Structures are given as structure tokens and as C-alpha cells.
Amino acid sequence: TLEAAERGQISLSDPVTISPRAASMGGSQMYMEAGEQQTVETLLKGMAICSANDACVACAEYVGGTEEIFVEMMNKRAKELGMENTHFVNTNGLPVADHYTSAYDIGLMSKELLAHEQTKEWFNTWQTTITVGLPGKKQTELGLTNTNRLIKLYPGAPGIKTAFTQEAGYSLSGSATKGDLTLIAVVL
């Protein structure tokens, strides 16, 4: 999604209408309602800060037209990055057959994510609020709290991402920077 914005195909300020499919995602989410609109930037913040599965699907549908087309784009990009042990089936990492990756491949993807300056700000945001819900109906201020506690506890840890599913357990792609050196560690 960031690469589409950098190519000028979309803008971070574009409004995205949340589909019923995106609104129905389980797990971590921003609790958006079908029909409401959020900007691309707000959706990306939700993904980076609180692993918002609904935001993943909404961005995929916006950029690719469908989640399935976007997943094809993800798999193509993964191959370009040298991610030889990865196959995506969905955009959010929720468990499904034939969806897999490796710690090394997550490291490659993490390195690429950190090359985008905007991600560093989002990965390092501890808490923020967004407004969700349909205008004219009940709207709610939703607090987003980062799932990566290292950004608060470890000086120089510019984040990246945590993950959890029953099948995979707890996972972390973390990084730390000191001077000109940035290291990435991936634990699955």
C-alpha cells in the first residue's frame, strides 16, 4: 500500500469505504462498520499499531480491487524481495491452509518496511485515538495501543510488529538502532 502511494497510484489521504468483508474480520481490529470511511493513512496506522485485520482487508481491496488480487501482488513482491519460503493466502496473517513464511523472510520484509520513513513513526507510536463508526450514527473514539512493548521499554527500539494466533503462538519482528547500526531480530 505504501509503495502504491509512493508511485502516485493512491494517496495516504484517500478515503477508503469499508466493505462488509473488511468489517467482518476477526482478531485484532479497529472495529469499523461497513460503509464508513477511513483514510489510507489511518488504516495503515491501525495495521502498524494494533495489527488491525479489518484495515488490512480494506487497504487490499482499495489498492488491488479485491483481497485476492492484492494477495497476488503480495506474493509477487515477496519473490522480488527474495522471500523464498513465503506464500501469502490472505492479507492479515490469520491462519489458513498454505499460508506460510519463515523468520528469514520476515526479516527481509521488515528491512523493506523500515526503508519507508513513515513506518518508523507508526511503529513507534505507543498510543493514539481514531474515530470509528458511520457519520450521523453512533461514532466512537477508539484508542489504539501498540502491541510491541519494546518501543517503551528498550531505548533505540524502533518497533516493527508483533503477532499472535493460536496456531502460531507469539511472534515478533523487532529492531534496534544504535548510531548507524540497525539490527532486526525475528522470533516465531
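**Buried residues and nonpolar cores**

Asn92 counts as buried because its relative accessibility is 16%, where buried means under 20% relative accessible area, exposed over 50% and partly exposed in between (1.4 Å probe, protein chains only). The model is predicted, so local features need pLDDT of at least 70 and side-chain atom pairs count only at pLDDT 80 or more, whereas totals for chains, interfaces and linings use all residues. Residues are numbered from 1 along each chain as its sequence is written, and side-chain values use heavy atoms, with hydrogens and water left out.

Asn92 is located in the loop between helix H5 (67-80) and helix H6 (103-114); helices (H or I, at least four residues) and strands (E, at least two) are DSSP runs, numbered from the N terminus. Beyond its neighbours within four places in sequence, Asn92 contacts (heavy atoms within 4.5 Å) Met25, Asn53, Cys56 and Val57.

A nonpolar core is a set of buried Ala, Val, Leu, Ile, Met, Phe, Trp, Tyr and Cys residues joined through side-chain atoms within 4.5 Å. The largest such core comprises 31 residues, and Met30, Met32, Leu43, Leu44, Ala55 and Leu144 have the most contacts inside it. At least two residues each come from several elements, including helix H3 (40-50), helix H4 (53-64) and strand S4 (140-145). H3 contributes the most, with seven residues. A second, separate core has seven residues, among them Ala60, Ala78, Met83 and Phe88.

H3 is mostly covered, nine of its eleven residues being buried; Leu43, Leu44 and Ile49 are among them. Ser51, which follows H3, has a positive phi near 55 degrees.
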